[in-house]
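Trainee: I would like to go through the terms used for this chain and see how each one is reached. Can we take them one at a time?

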Amino acid sequence: MAARKTRRAQDTKLFVLDTNVLMHDPTSLYRFEEHDLFLPMMTLEELDNNKKGMSEVARNARQASRFMEELVAGMEHSLQDGVALETPSKGQASGRLYLQTEAITSVLPSQLPMGKADNQILGVVHHLQQMQPKRQVILVSKDINMRIKARAMGLAAEDYFNDKVLEDTDLLYTGMREIEPAFWDKNGKDLQSWQEGGKSYWKIKGPDCVDLYANQMLYQPADGFVSRVLSVEGKQATLESLKDYSHGKNAIWGITARNREQNFALNLLMNPDIDFVSLLGQAGTGKTLLTLAAGLAQTLESKIYTEIIMTRVTVPVGEDIGFLPGTEEEKMQPWMGALEDNLDVLNQSDAEAGDWGRAATRDLIRSRIKVKSLNFMRGRTFLNKFLIIDEAQNLTPKQMKTLITRAGPGTKVVCLGNISQIDTPYLTEGSSGLTFVVDRFKGWSHGGHVTLQRGERSRLADYAAETL
């Protein structure tokens, strides 16, 4: 039995958790699969120092403490053997959690003062590595400088990767797929096609159908074929033809699609059967303009929705300018420059209306668009609303969940963002709420995504986006 325990200890790693990992993700205690965890006393001390307040960090610190209290309750005499994580994690983790139960005095380089919390944690890692030389002892920290110091001392250190949806954002689902002529040879043996309600449908069967997602856009540049995957059932898929929004007769509030991706986006935005749409793209690809045009057309013309609600994260690019006067809507106004700019474009589209007509249209549009702050979203329910979440790349996955779950019956949620323009200090392209939601919603029959690639703002904006 002892030999088996030793062999298991050598096969698995021992991860020493820094405080910032627990404050970033309290469930990280259950995310290390078969490996063991070690919590230094200084980590618990720092958790205690950060538990006060209403910030996300303070909430996470309190939650991490609750998880640990549940784990160690009634185990005062056996903590040296560690706490098994299998039952509390519902089978996600099979390792053990060890708490520091004795004073550890490790010899660190004289340049590192032992009074500092980070250095005490490094001392614990150093001590564990000496006590268990045959086992991999790894420090897990979100602090870059801490990882550099650990490596300088010859200790293994790595970032906490478990919250990242994707290692490489180039692998993120784009919502569309180019198909080759060979696609039809492989999947078109039992091809069925029919027309219904002014649209064409194709039922295909073959090995490639397994890799398709519902509401994915398929295109064949050679012959201009474009379609949407209506449903996927094993090796069978049904495709539906798209409406051509690049043609003037199908213009939405005077706006036509200028490229293939914009046409795909408008097909998703104008489809009442799709409740959730996410649009990714660099500056100037038309995300906000297309969304507002589709929202206005469905609110004021077809009256599917009662009003448009627009919200965004208030993260400044530069220094904060302090408190803003006025009501909630007036406070949000400086953040809504994108809304104003796009409304100007949409208002100019009716050339025959004249100044009076345009002024009346502007007032009508403003009466149907509400600007809301994220701070007051908890507990709300939106009925028959067209909800636009702008700059969604600055949201955490938790904030994104809070917002999307506000949707009541008949509400459509549209997330817009550019994951290369994240202003929130603790988010990366891999851990952004927008990346998270695109990855989790792919393949849902009532959700669609398109990554817009071509900038249509101006040649200057396109060149700047590429070269700067």
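Mentor: Start with Asn384, which lies in the loop between strand E15 (369-373) and strand E16 (385-390). Helices (H or I, at least four residues) and strands (E, at least two) are DSSP runs, numbered from the N terminus. This is a predicted model, where local features need pLDDT of at least 70, side-chain atom pairs count only at pLDDT 80 or more, and totals for chains, interfaces and linings use all residues. Residues are numbered from 1 along each chain as its sequence is written, and side-chain values use heavy atoms, with hydrogens and water left out.

Trainee: Why is Asn384 called partly exposed?

Mentor: Buried means under 20% relative accessible area and exposed means over 50%, with partly exposed in between (1.4 Å probe, protein chains only). Asn384 has a relative accessible area of 34%, so it is partly exposed.

Trainee: What makes the phi of Asn384 worth a remark?

Mentor: Its phi is near 50°, a positive value in a residue other than glycine. Most residues other than glycine have a negative phi. Trp253 also has a positive phi, near 55°. Trp253 sits in the loop between strand E12 (236-241) and H8.

Trainee: Is Trp253 buried or exposed, and how do you know?

Mentor: The relative accessible area of Trp253 is 15%, so the residue is buried. Across the chain, 47% of the 468 residues count as buried.

Trainee: What is the relative accessible area of Gly284, and what is it called on that basis?

Mentor: Gly284 has 8%, so it is buried. Its place is the loop between strand E13 (276-281) and H9. With neighbours within four places in sequence left aside, Gly284 is in contact (heavy atoms within 4.5 Å) with Gly455, Glu456 and Arg457. The C-alpha atom of Gly284 is also 7.5 Å from that of Asp462, 178 residues away along the chain.

Trainee: How much of the contact in the chain joins residues 24 or more positions apart?

Mentor: Such pairs account for 66% of the contacts with a separation of 6 or more. The chain has 15 helices and 18 strands.

Trainee: Which residues of H4 are buried, and what covers them?

Mentor: Ala58, Asn60, Ala61, Ala64, Phe67, Met68 and Leu71 are buried. The cover includes helix H2 (19-24), strand E2 (36-39), helix H3 (41-49), strand E3 (83-84) and strand E4 (96-99). Take Ala64: its relative accessible area is 0%, so it is buried. Not counting residues up to four places away in sequence, Ala64 touches Leu22, Pro26, Leu29 and Leu47. Ala64 and Ser28 are 36 residues apart in sequence and 8.8 Å apart, C-alpha to C-alpha.

Trainee: Why are H3 and H5 given the description they have?

Mentor: H3 and helix H5 (residues 117-131) pack at about 150°, with their axes 8 Å apart. Axes are lines fitted to C-alpha atoms, for helices over the stretch in contact, and angles run from 0 to 180 degrees between N-to-C directions. Angles under 35 degrees count as roughly parallel, over 145 as roughly antiparallel, 65 to 115 as roughly perpendicular and the rest as oblique. H3 and H5 are therefore roughly antiparallel. Met42, Thr43 and Glu46 of H3 meet Ala117, Gln120 and Ile121 of H5.

Trainee: What makes up the contact of H3 with H5 by class?

Mentor: Three residues are nonpolar, two polar and one charged. Ala, Val, Leu, Ile, Met, Phe, Trp, Tyr, Cys and Pro count as nonpolar, Asp, Glu, Lys and Arg as charged, and the others, Gly among them, as polar.

Trainee: What are H13 and H14 to each other, and why?

Mentor: The axes of helix H13 (residues 397-404) and helix H14 (residues 433-441) come within 8 Å and cross at roughly 60°. They are therefore oblique to each other. Pro397, Met400 and Ile404 in H13 meet Gly433, Leu434, Phe436, Val437 and Phe441 in H14. These residues divide into seven nonpolar, one polar and no charged.
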